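Let's take a friendly tour of one part of a protein model. Have the sequence and the 3D view ready as you read.

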Amino acid sequence: MTAEVKAEHAGPEGAVLVLHLVHPPANALTAAVRAALMAALASAPPARGVVIAAEGRQFAAAASIDLPPGDAELHPTLAELCAALDAAPVPVVAALRGIALGPGAELALAAHGRVAAADLRFSLPEVVLGLPPSSGATQRLPRLVGATEALDILLRAPRLSAEQALAIGLVDQVVEGDPLPAAVELALALGGPRPASLRTEGLSDVPGFAAAVAQARAEARRSPLPAPARIVDCVEAALYLPFANGLALEAVSHDDLSQGPEARGLIAAARSERRAAVLPEPVQRAQGRVVSHLGLSGAGPVQAALALMALGQGLRVSWTDADPARMAAALSWLTARMEDEVRAGRMTALQRDADRARLAVVPGAQALSGAGLVVHGAADAGFAALLRAMPQVPQLVAGGAEGAMGLVLAPNGRVAELALPETARPDQIATAVAMLRLLGAAPVLTGRMPLIGRRMAGAGKAALTRLAESGVPRRVMAAAMERFGDALPELPDTAASLREMSPDEVTKRWLAALANEGLRLLDARVARRPADIDYLMVQGHGFPRRRGGPMFQAADRGPMVLRVDMRRWAEEDDFWAPHPLMDRLFAHGRRLSDLDAG
């Protein structure tokens, strides 16, 4: 649908101009929406107040990285729009509902008043991208709520509820249902402009403000990222500098950090996360089933982890294994984990008992016939029999098997590979995806076999082993990995003569081996996109988030540079020979990121 701003008048004699953002589904503040809003403000007939509202369930739920490339720099920028609200000759009130995120939250802060529906969630997540806000939040927020609350919102990026926002003075009123009528009333009641740029409530306690800044600055020094310290500087400027100078400092900080490696890596990681969550259209259209009963065949580590996760989400679990000793060991592990949770205070004894009561140990695979999804330890006779008996129910094989839907959990359990044979049905894929998301193991769809994480981790360890065998000291490799943000894995002992190599070259060779393995996986259609590999490695295998992912690192260097390095290294060891896909990209003038399309 075309983005637009719809205008109407409300209140006595139509005294309040109401501007509705209309850009479903998230009301992203694109250049077109910003221009329409600016034009509506400039061309509106005289009014006693303005209310900015939004159609749909969200005020503005799109983050800055959700905008099209280059959109944020187009005029009017969000900063220019917020400045126009600041300068409005009549009160401007934001009617907030659903999510006000990033640019939407900044727009709301630039209004002169805010009325929130009870379902509001307010967040400024730019720090997660290695950046300060770009449109005045570091200056308006502390003027409204003080340094302590402003720094917490800007540095931790929590999603504030409506009641939390009211308690700290961020919103003026919380209402049940539609906030628009109350926003119209507030616009009339204010009697005149009240921009955040002129507010001083949050600046009144100068010693408290300075103490909060000092504490935040000390904590920011421990961060490997530059953004927290720059955000603290900007908030401090709100106390000591004129508003316009504080805005200039924020803008310079944002522009400076946006070109830095940390922000580029974090933005790449966030985009990979979004791409990995996008399902193929047939799966999006399919009607997956809601799983309330999980079946587990085999007592391997994957089944044990899934049992714990499923019980924690209130699912029934039926579990079987032909080996009583193995089943007993798995149940002992499960019980120990539950007791750990009780001792840590993350679970009550009552919750533990309720979870345990939903677990049934059953005599064989046929006893799993009532489950909505079954995970098998192997594609054995029990798997084949249940597949015939329950053709509508997704049957997953832990570790994967040719011709079957396969499942592998990442080491931290937060992400999973869901491998799909060509015969996989969209409705069964949708059911499996929904179940994994419910369990907190975000699924990444892969082709044929779920082995991306194992292969990538293996390639990285193999590269470091090769370097150790060639005589590179472990202390050099450990320093290189630590500087990058990772850790040196356990390597076999070697007796090679010492070889000089800089930590920088160690890092480059390790990353090149990861990229090369990623190319193999892409060429074999095991991985769908480079972004999927990056998401798996960042979310599940400990690759530093601020580095974006191994495929982003390769794209950032460029296939030409990477290819030259690897060909030179291959002269001493074929291990470093670039995969032919790299040559094909180079020959056709394509970038690695082009493989993310579709």
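What you're looking at is a predicted model, where local features need pLDDT of at least 70 and side-chain atom pairs count only at pLDDT 80 or more, while totals for chains, interfaces and linings use all residues. Residues are numbered from 1 along each chain as its sequence is written, and side-chain values use heavy atoms, with hydrogens and water left out.

**Helix α21**

- Start with α21, which spans residues 530-540 and has 11 of its 11 residues buried; buried means under 20% relative accessible area, using a 1.4 Å probe and protein chains only.
- Helices here are DSSP runs of H or I with at least four residues, strands are runs of E with at least two, and both are numbered from the N terminus.
- Among the buried residues of α21 are Asp 532, Asp 534, Tyr 535 and Gln 539.
- The cover over α21 includes the helices α11 (261-277), α18 (452-469), α20 (503-523) and α22 (550-557), plus β16 (415-420) and β17 (442-447).
- Just past the end of α21, Gly 542 takes a positive phi of about 80 degrees.

**Arg 509**

- Arg 509 sits in helix α20.
- Is Arg 509 buried or exposed? Arg 509 counts as buried because its relative accessible area is 2%.
- Setting aside neighbours within four places in sequence, Arg 509 is in contact (heavy atoms within 4.5 Å) with Ala 463, Leu 467, Arg 499, Met 501, Trp 569, Glu 572 and Trp 576.

**Cavities**

- A cavity is a set of points on a 1 Å grid over the protein atoms alone where a 1.4 Å probe fits but cannot get out, and its lining residues have an atom within 4 Å of a point.
- Points are joined across faces, edges and corners, and a volume is the space filled by probe spheres set on them.
- The count comes to 2 cavities of 30 Å³ or more.
- The largest cavity has a volume of about 60 Å³, and its lining includes Ala 515, Met 551, Pro 559 and Leu 592.
- Helix α22 gives the largest share of that lining, 3 residues.
- That lining has 10 nonpolar, no polar and no charged residues; Ala, Val, Leu, Ile, Met, Phe, Trp, Tyr, Cys and Pro count as nonpolar, Asp, Glu, Lys and Arg as charged, and the others, Gly among them, as polar.
- The second largest cavity holds about 40 Å³ of space, and α20 gives the most to its lining, with 4 residues.
- By class, the lining of the second largest cavity has 5 nonpolar, 1 polar and 2 charged residues.

Definitions and conventions: Buried means under 20% relative accessible area, exposed over 50%, partly exposed in between (1.4 Å probe, protein chains only). On a 1 Å grid over the protein atoms alone, a cavity is a set of points where a 1.4 Å probe fits but cannot get out, and a pocket is an open set with protein on both sides within 12 Å along at least five of seven lines; lining residues have an atom within 4 Å of a point.
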